[in-house]
Amino acid sequence: MSSYVGVVVSDPWLHSQFTQVELRTLKSKFNSNKTLLDRFTVGDLPPVFAKLNAFSGTFDEDEIKSVLDKSYSNTTDQEVDFETFLRAYLSVQARGVEKSGGSKAFSSSFLKTSTTTVHHAINESEKSSYVSHVNSYLRDDPFLKSYLPIDPATNSFFDLVKDGVLLCKLINLAVPGTIDERAINTKKILNPWERNENLTLGLNSAKAIGCTVVNIGTQDIAEGRPYLVLGLISQIIKDAEELMGLAPEKVLLKWMNFHLKKAGYEKQVTNFSSDVKDGEAYAYLLNALAPEHSTHLALETKDPTERAKKVLEQAEKMDCKRYLSPKDIVDGSANLNLAFVAQIFQHRNGLTDDSSKSTSFAEMMTDDVETSREERCFRLWINSLGTATYVNNVFEDLRNGWVLLEVLDKVSPGSVNWKHANKPPIKMPFKKVENCNEVIKIGKELRFSLVNVAGNDIVQGNKKLLLAFLWQLMRYTMLQLLKNLRSHSEGKEITDADILNWANRKVKRVGRTSQAESFRDKNLSSGIFFLELLTAVETRVVNWSLVTSGETEEDKKLNATYIISVARKLGCSIFLLPEDIIEVNPKMMLILAASIMYWSLQQQSDTESNVSEDAADEGDANSACGEISNLSLDEEASESSPVVTTADEDKEEVNGDGENNNDA
């Protein structure tokens with residue numbers, strides 16, 4: 001069963017009380033307060049909890065203090081860790097249920113049955129909204145239309161998710177083109193293997209669009225566990241507005257305020273709950289985006305519910321199908337409001353690619369395409385590691401060095417001396433430089449090639465050097481995973497040459513003819529080599545009737561999208577895009593081959609003997625190291641510029657004749 005790390009609580013019972021969405025929200029709140037205070041204690045909790053949406057309007061600080069005093073009367077000076085924070089939250093929440101007479105009016109994340117077994121409550125409003133979303137947008141889907149519409153009053157929604165098809169379709173609805181639908185098994189009756197393939201494809205693809213998948217495996221979805229299904233689907237629907245790979249909430253807030261300011265709205269929207277519950281911001285936004293449907297009735301209406309109703313009516317005229325109610329807006333339902341704004345953005349974002357227009361896409365997005373692709377890849381990879389800090393933008397969030405230290409500690413446990421680290425928020429620039437100098441120091445200890453690179457380069461936001469460092473970090477992580485599977489090697493490092501030789505031998509062994517000269521081999525753009533490699537590691541995974549010759553650009557793209565989906569369907573966690581294969585991005589070619597190799601070796605019952613056999617076929621793979629160089633990352637650097645490469649052996653090549661400088 002595939003599993004992914006998100007916000008994890010060591011106590012299984014405590015972990016079971018929260019959805020992943022709740023855990024991420026509470027973890028973020030906990031981290032921000034712990035950062036702001038020298039010591040975050042039980043005595044600090046009442047004002048923090050009073051500001052949470054779950055308790056707003058139900059408790060004031062004194063009432064929360066009274067509730068906590070019953071459990072923590074003698075320990076108000078006790079420092080709070082995350083588990084204590086969660087337990088205290090549950091204590092206040094339980095009091096809220098009592099206060100409301102046990103009614104559903106109070107938002108509770110759990111219900112107790114007569115046997116006192118604790119289960120997650122299903123937010124019926126959210127469930128109904130997601131069902132409406134599916135019914136509206138997938139009603140014409142060739143496979144799903146016979147199962148739709150779903151009745152939100154039943155559990156049909158959770159039953160339909162079990163075979164993985166709906167999950168894959170929703171991901172493509174959110175971020176079109178993420179999954180090649182030719183890779184989805186869509187028979188009426190699927191065997192367990194086919195069902196598991198669909199679910200694996202869905203989970204890996206959800207991860208690839210930025211969803212945090214916490215301890216969820218294919219079996220969890222196959223069992224249709226409601227709170228896990230809703231938690232995952234809420235993230236997928238929110239990611240519909242993932243603009244060029246940026247964080248959804250921040251981009252939409254930026255986009256919304258961008259238009260509101262132009263429309264004369266004087267307030268700043270900072271969240272999708274309290275700041276939009278009166279409906280005024282929506283009224284201004286819709287009038288600005290769709291002047292042909294403009295009406296002042298919503299703004300003139302004093303009653304918030306009535307105003308919300310008019311806002312939704314206006315949105316429907318823009319073809320935004322309704323999957324939240326006026327009450328959801330007035331109640332400040334953050335998830336549903338975020339999804340609503342994402343839907344407005346998809347239908348009418350008011351931006352254009354035409355630079356001659358006053359409101360251009362470039363006003364909000366300035367990165368070149370290639371840089372944005374790499375930033376997206378590394379950001380998604382970092383977030384998949386389960387670090388405490390969620391990265392929204394690599395170029396901004398990594399400049400203080402803290403996240404890089406977290407990543408280094410994940411991929412090389414014990415490498416970071418946290419006593420030397422400065423925790424955010426960091427106001428003094430030299431403290432950021434200290435963190436980044438520590439990052440460079442550890443990188444050199446891990447044998448990264450960091451010639452003339454200093455911590456200040458990261459602080460200053462040198463994009464090229466930061467991407468180069470992250471590439472070495474990703475490559476190091478992949479090679480260490482492979483090395484750990486080769487325990488017989490007695491410390492022998494895995495090289496790029498080992499991976500290439502392994503891939504070529506695998507393809508050759510099954511009677512296929514493709515061979516790759518290097519990860520820069522332009523013939524890789526056809527996709528045939530990787531499809532043959534996937535067939536070599538799992539004979540039934542590729543449907544060759546769907547494969548093209550890969551000669552035209554269109555055929556290459558068809559093959560590339562199919563490769564990515566088939567690899568994810570197999571179980572590979574990868575973050576590249578079809579363009580990386582078509583353009584033969586050597587860094588991504590290496591990671592793709594290494595990911596397939598890692599999956600293959602994991603499946604072998606006797607890893608050591610199989611790898612030894614591989615090595616014996618062609619002799620020592622090290623003999624090829626001189627012929628197949630590791631990928632250089634900064635070949636375009638001038639003599640005065642810092643040089644960053646993937647391995648120490650590359651220094652001479654980059655600083656010398658500079659022949660290999662076609663891969664920025």
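Asp220 is buried, with a relative accessible area of 7%. Keep in mind that this is a predicted model. The exercises below start from that residue.

**Exercise 1.** Find which residue pairs with Asp220 in a salt bridge, and decide how each side chain is placed: buried, partly exposed or exposed.

*Solution.* 
1. The partner is Arg225, whose side chain meets that of Asp220 at 3.3 Å, N to O.
2. A relative accessible area under 20% counts as buried. Asp220 has 7%, so Asp220 is buried.
3. Arg225 has a relative accessible area of 33%, so Arg225 is partly exposed.

**Exercise 2.** Work out which helices are tied together by the salt bridge of Arg475 and Asp496.

*Solution.* 
1. Begin with the pair itself: the closest N and O atoms of Arg475 and Asp496 are 2.8 Å apart.
2. Arg475 belongs to helix α23 (residues 463–485) and Asp496 to helix α24 (residues 496–509), so the bridge ties together parts 21 residues apart in sequence.
3. Now look at burial. Arg475 is buried at a relative accessible area of 9%, and Asp496 is buried at 1%.

**Exercise 3.** Describe how helices α13 and α15 are arranged, and which residues make their contact.

*Solution.* 
1. The axes of α13 (residues 280–289) and α15 (residues 304–317) come within 9 Å and cross at roughly 25°.
2. Angles under 35 degrees count as roughly parallel. The helices α13 and α15 are therefore roughly parallel to each other.
3. Their crossing is left-handed.
4. On the α13 side, the contact is made by Glu280, Tyr282, Ala283, Leu286 and Asn287; on the α15 side, by Arg307, Val311, Gln314 and Ala315.
5. Sorted by class, this contact has 5 nonpolar, 2 polar and 2 charged residues.

Terms used: Residues are numbered from 1 along each chain as its sequence is written. This is a predicted model: local features need pLDDT of at least 70, side-chain atom pairs count only at pLDDT 80 or more; totals for chains, interfaces and linings use all residues. Side-chain values use heavy atoms; hydrogens and water are left out. Axes are lines fitted to C-alpha atoms, for helices over the stretch in contact, and angles run from 0 to 180 degrees between N-to-C directions. Helices (H or I, at least four residues) and strands (E, at least two) are DSSP runs, numbered from the N terminus. Angles under 35 degrees count as roughly parallel, over 145 as roughly antiparallel, 65 to 115 as roughly perpendicular and the rest as oblique. A crossing is left-handed if the near helix is turned anticlockwise from the far one by less than a right angle, and right-handed if clockwise. Contact means heavy atoms within 4.5 Å. Ala, Val, Leu, Ile, Met, Phe, Trp, Tyr, Cys and Pro count as nonpolar, Asp, Glu, Lys and Arg as charged, and the others, Gly among them, as polar. A salt bridge is a side-chain nitrogen of Lys or Arg within 4 Å of a carboxyl oxygen of Asp or Glu. Buried means under 20% relative accessible area, exposed over 50%, partly exposed in between (1.4 Å probe, protein chains only).
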